[in-house]
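Where do aromatic rings and charged side chains meet in this fold? A brief report is set out below.

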Amino acid sequence: MKSVTVKNLVLGQGMPKICIPITGENWETIEKEMEEILELKPDLAEWRVDCYKKGSSDESIWEMLETISDKLGEIPLLFTFRTRREGGAQEIMYEDYVKLLLQAAKTGKADLIDVELFFRREEAEMLIRNIHQAGALVLASNHHFHETPDAEELIARMKEMDACGADILKMAVMPETETDLCPLLKATLCVSEDCEKPVVTMSMGKTGVLSRLWGEFTGSCITFAAGQKASAPGQVDAHKMREALEVLHEIAEK
């Protein structure tokens, strides 16, 4: 697995990097989140634009993006509009989704752009190419909020992300039982060994918490942790996550 460098952050080496989501509905709540994020000093932050109540076409998005990016300084920013079909807060037409992501890339204020690869699979490669041309890296993603597909399907989907040119490959699933962690573990190990791209995987909810901690041993390079508010079920408090990862890193180094 090769690493990817975003600003001064190297993804794919050492401890999984901690990403804290920004999920505020308006400027007031986002401002409070930003204060906490700067205190917590995550490795990177994610702006969940679908949580922003102004709507995907409102011009204030770009003012907000600039403000968030400027406040983060050297902390890389992942720009994400999570569609409702994959667990997000808003509906969006595909054409508007494309315009939003491309404009975010063109601003130069978003270092990484989340692309839901299977929103419209046949156009995903072109979208990723256009985002690259606009100057941003791409984290391709796929979320299963109601199940955990078998390992073969998870592997196949992440390899499709790789084939489409994404820089980072992300897969999130929902377990029904503890044994549902097994196909995700297998898929993470296989893809991180076979693909020359950093991999991000997680199993959501209380049952899947272990998957948010095991990245250094399995090849998952980012883990999402909660600041003021979790953006997905099972996210651990960022302070506790840092402590846990540091202990596991010491074990891995011995």
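The sections below cover the model, its ring pairs, charges over rings and one lysine.

## Model and conventions

This is a predicted model: local features need pLDDT of at least 70, side-chain atom pairs count only at pLDDT 80 or more, and totals for chains, interfaces and linings use all residues. Residues are numbered from 1 along each chain as its sequence is written, and side-chain values use heavy atoms, with hydrogens and water left out.

## Aromatic pairs

The structure holds 6 aromatic pairs. Rings of Phe, Tyr and Trp (its six-membered ring) pair if their centres lie within 6.5 Å; planes under 30 degrees apart count as stacked, over 60 as edge-to-face and the rest as tilted. Trp62 and Phe79 are stacked, at 6.3 Å centre to centre and 15° between the planes. Trp62 lies in helix H2 and Phe79 in strand E5, so the pair ties together parts 17 residues apart in sequence. Helices (H or I, at least four residues) and strands (E, at least two) are DSSP runs, numbered from the N terminus. Ring pairs link Trp47, Tyr52, Trp62 and Phe79 into a cluster.

Trp62 and Phe79 are buried. Buried means under 20% relative accessible area, exposed over 50%, partly exposed in between (1.4 Å probe, protein chains only).

## Charges over rings

Arg157 lies over the face of Phe118, 4.4 Å from the ring centre. The criterion is NZ of Lys or CZ of Arg within 6 Å of the ring centre and within 35 degrees of the ring normal. Lys170 sits over Phe224 at 4.5 Å.

## Lys159

Lys159 belongs to helix H5 (residues 151-163). Its relative accessible area is 36%, so Lys159 is partly exposed.
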